[in-house]
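I opened this entry to keep a record of what I looked up in one model. The notes follow the order in which I went through it.

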Amino acid sequence: MAGNGEEDPFKKGAQVEVSLEDDGFRGSWYTANIIRSISKKTQKIYLEFHTLTSGDNSTKPLREAVDPILVRPIPPREARRRFDVSEDLDAFHNDGWWEGIVIAVLDGGRYSVFFRSSREQIEFDESQLRLHREWVYGKWVPPLEDVIDDSQQEEHKK
């Protein structure tokens with residue numbers, strides 16, 4: 001899947017994001033590690049999720065086989081940015097990144113975000129948001145700008 005001598009982002013042990021097709025999860029992305037890359041037999045990728053568990057009262061991470069079309073690399077974190085009304089973004093909510101749209105820019109670096117999938121409107125701090133991107137033919141759309149280095153990325157996770 002990777003070209004030009006680049007490392008395969010979907011090999012065993014790689015950290016990825018996964019979109020789930022189940023009701024209540026559409027429009028969200030969750031982090032996982034690849035346990036087994038694409039199986040020739042099932043054409044699925046086997047994953048272990050970071051924040052999803054295998055049952056209501058379980059602490060055991062959810063493991064699942066998913067279609068490779070639902071898997072993408074972890075998007076590189078970019079320098080903090082301001083968002084505008086009507087801009088598509090992802091907001092970190094309920095242990096995953098959810099696709100939404102800015103409906104209001106508030107004071108103090110806060111934003112009101114509307115989620116089409118759940119019809120909810122929720123306020124977020126700028127640190128909980130990222131520009132929405134799609135992984136298309138091995139590239140991020142829109143293209144990445146001002147990618148921050150690993151030391152800055154650790155700061156953004158806090």
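**Entry 1: S28**

I looked up S28 first, and it counts as buried because its relative accessibility is 0%; buried means under 20% relative accessible area, exposed over 50%, and partly exposed in between, with a 1.4 Å probe and protein chains only. The model is predicted, so I note that local features need pLDDT of at least 70 and side-chain atom pairs count only at pLDDT 80 or more, while totals for chains, interfaces and linings use all residues. Residues are numbered from 1 along each chain as its sequence is written, and side-chain values use heavy atoms, with hydrogens and water left out.

S28 is in strand β2, residues 28-36. For elements I use DSSP runs numbered from the N terminus: helices are H or I of at least four residues, and strands are E of at least two. Leaving out residues up to four places away in sequence, S28 touches V18, S19, L20, W97 and W98; contact means heavy atoms within 4.5 Å. The side chain of S28 also reaches the backbone oxygen of F25 at 2.5 Å. I then checked D95, which is 67 residues from S28 along the chain, and found the two C-alpha atoms separated by 9.6 Å.

**Entry 2: the whole chain**

I stepped back to the chain. Its secondary structure comes to one helix and twelve strands. Read along the sequence, the pattern is β-β-β-β-β-β-β-β-β-β-β-β-α. Of the 158 residues, 36% count as buried. Among contacts with a separation of 6 or more, 44% come from residues 24 or more positions apart.

**Entry 3: β6 and its partners**

Which strands pair with β6? I found that β6 (residues 88-93) pairs with β7 (residues 96-105) in the antiparallel sense over six bridges; two strands pair if DSSP finds at least two bridges between them. A91 has W98 as its bridge partner in β7. The two strands form a hairpin with two residues between them, and N94 in the turn has a positive phi of about 50 degrees.

β6 is also joined to β10 (residues 129-131) by three bridges, and these strands run antiparallel. Here the bridge partner of L89 is L131 in β10.

I looked at H93, which is found in β6. The side chain of H93 makes a polar contact with the side chain of N94 at 3.4 Å. A polar contact is a pair of N or O atoms within 3.5 Å; within protein, one must be able to donate a hydrogen and the other to accept it, and residues adjacent in sequence count only if both atoms are side-chain atoms. Beyond its neighbours within four places in sequence, H93 is in contact with W98, I122 and F124.

Is R130 buried or exposed? R130 is buried, as its relative accessible area is 9%. R130 has its place in strand β10. Neighbours within four places aside, R130 is in contact with E17, W29, R72, P75, F83, L89, D90 and W97.

On a 1 Å grid over the protein atoms alone, a cavity is a set of points where a 1.4 Å probe fits but cannot get out, and a pocket is an open set with protein on both sides within 12 Å along at least five of seven lines; lining residues have an atom within 4 Å of a point. The volume of the largest cavity is about 200 Å³. β10 gives the most to this lining, with three residues. I noted six nonpolar, two polar and eight charged residues in the lining of the largest cavity. Ala, Val, Leu, Ile, Met, Phe, Trp, Tyr, Cys and Pro count as nonpolar, Asp, Glu, Lys and Arg as charged, and the others, Gly among them, as polar. Grid points are joined across faces, edges and corners, and a volume is the space filled by probe spheres set on the points.

**Entry 4: Q121**

I ended with Q121, which lies in strand β9, residues 120-125. Q121 is exposed, with a relative accessible area of 54%. The side chain of Q121 makes a polar contact with the side chain of S112 at 2.9 Å.
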